Amino acid sequence: MIPIQKVAKQTGVTVRTLRYYDQIRLLAASSKTEGGHRLYTDDDLRKLQQIQFFKGVGYSLKDIKEMLADPKWNWSTSLKAQLAYIMEEQTRLRVIEQGLRELISGLVVEGGEDALAIQKFIQLSSQDKRRRHIFKESLFNDKELELLQKVPSMGGDDPDSLEWIALLGQIKQHMKKGISSPKVQRIIRRMLEKQEENFSGEDEFIQKLWDARMSPAQSAELGLYPIDRDVLQFMEQAYETHMSLLKERLAPQHDQGEEEV
């Protein structure tokens, strides 16, 4: 006979849990000491091992009690049903995970305006996904739909998505410095570098996506994160400034080349 404290130490199941199992008649101690301490046999330990195993694969204590009490329990049917349940739970948890990632990214983009990020996330999550899919197919051709899969996502945990989210947050953070500020221009330059890395030669697609992003209605239909209009306009102006500055820097080299010719 093994005392409850030793069982707890050997199995990692707390004394409190063992007492609860006894209380609900899931695992009753085979005996007790004169002082009322529970004592367990090797068979009890094997049953406890079964309980912990089935608990680990998602069964409730109520189900486990019924399973162990019924010698004619249909294990095949039960395990298949449990597998189906676990797969449904995985799908549900993936949706929750995606939502949490999008919300965390929203906090980054909004630069500490937590209430605004939460409000936008609720707005985004309440959209009709079927309608979103139909609108995407009406706006983009097959090739563009494939390219759309490469666009960084607010719920993505890949390096590209995380960097884009950080860059958007930095843009909003430094808007007061103006479109010509070195910091803002460095952010724009990095955005253009990343655009070139992922969408080189796809200028038409990029323009179509940006036009949709600049339209609140289309942006909402596509399920894009609601970036404030003033932020988008600031980015557009900063981009135009970046291209003007780049043209100015390249102009002297071009003139010199013409003279040599």
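How many nonpolar, polar and charged residues does the lining of the largest cavity have? By class, that lining has four nonpolar, no polar and four charged residues. The model discussed here is a predicted one, and the values below were computed from its atoms.

## The cavity and its lining

The count of cavities of 30 Å³ or more comes to one, and the space in the largest cavity is about 50 Å³. Its lining is made by Val109, Glu110, Lys120, Leu168, Lys172, Ile227, Asp228 and Val231. Among these residues, Lys172 also takes part in a salt bridge with Glu113, in which the closest N and O atoms are 3.6 Å apart. Because Lys172 lies in helix α9 (residues 159–173) while Glu113 is in the loop between α5 and α6 (114–125), the pair ties together parts that are 59 residues apart in sequence. The two partners can also be described by their accessibility: Lys172 counts as buried, since its relative accessibility is 19% and buried means under 20%, whereas Glu113 is partly exposed, with a relative accessible area of 40%.

The largest pocket holds about 1,700 Å³ of space. It is lined by 45 residues, of which Val151, Pro152, Leu209, Arg213 and Leu224 are the closest to its centre. Several helices contribute to this lining, with at least two residues supplied by each of α5, α6, α7 (129–139), α9, α10 (182–199), α11 (203–214) and α13 (229–260). Sorted by class, the lining of the largest pocket has 24 nonpolar, 11 polar and 10 charged residues.

The second largest pocket has a volume of about 200 Å³, and of the 14 residues in its lining, Pro216, Ser219, Ala220, Pro226 and Ile227 are the closest to its centre. Ile227 was also named above as one of the residues that line the largest cavity. At least two residues of the lining of this second pocket come from each of α6, α12 (216–222) and α13, and α12 gives the most, with three residues. By class, eight residues of the lining are nonpolar, three are polar and three are charged.

## Salt bridges

| Salt bridge | N to O distance |
|---|---|
| Glu66 and Lys62 | 3.0 Å |
| Lys172 and Glu113 | 3.6 Å |
| Glu197 and Arg190 | 3.3 Å |

Which helix holds both Glu66 and Lys62, and how many residues apart are they? Both lie in helix α4 (residues 61–69), where they are four residues apart, about one turn of the helix. Glu66 is partly exposed because its relative accessible area is 36%, which falls between the limits of 20% and 50%, while Lys62, at 57% relative accessibility, counts as exposed.

In the salt bridge between Glu197 and Arg190, Glu197 counts as partly exposed at 48% relative accessibility, and Arg190 counts as partly exposed at 25%.

Leu93, Ile96, Leu100, Ile104 and Val108 make a nonpolar surface patch of about 440 Å². One of these residues, Leu93, is found in helix α5 (residues 75–109), and Leu93 counts as partly exposed because its relative accessibility is 46%.

## Two residues set apart

Where is Gly36 placed? Gly36 is in the loop between β2 (31–32) and β3 (38–40), and with a relative accessible area of 38% it is partly exposed. Between Gly36 and Asp211 there are 77 Å in space, taken from C-alpha to C-alpha, and the two residues are 175 residues apart in sequence.

Technical notes:
Residues are numbered from 1 along each chain as its sequence is written. This is a predicted model: local features need pLDDT of at least 70, side-chain atom pairs count only at pLDDT 80 or more; totals for chains, interfaces and linings use all residues. Side-chain values use heavy atoms; hydrogens and water are left out. On a 1 Å grid over the protein atoms alone, a cavity is a set of points where a 1.4 Å probe fits but cannot get out, and a pocket is an open set with protein on both sides within 12 Å along at least five of seven lines; lining residues have an atom within 4 Å of a point. Grid points are joined across faces, edges and corners, and a volume is the space filled by probe spheres set on the points. Ala, Val, Leu, Ile, Met, Phe, Trp, Tyr, Cys and Pro count as nonpolar, Asp, Glu, Lys and Arg as charged, and the others, Gly among them, as polar. Patches are made of residues with over 30% relative accessible area and no salt bridge: like charges are joined within 9 Å, nonpolar side chains (Val, Leu, Ile, Met, Phe, Trp, Tyr) within 5 Å. Accessible areas come from the Shrake-Rupley method with a 1.4 Å probe; for residues, only the protein chains shown count as cover. A salt bridge is a side-chain nitrogen of Lys or Arg within 4 Å of a carboxyl oxygen of Asp or Glu. Buried means under 20% relative accessible area, exposed over 50%, partly exposed in between (1.4 Å probe, protein chains only).
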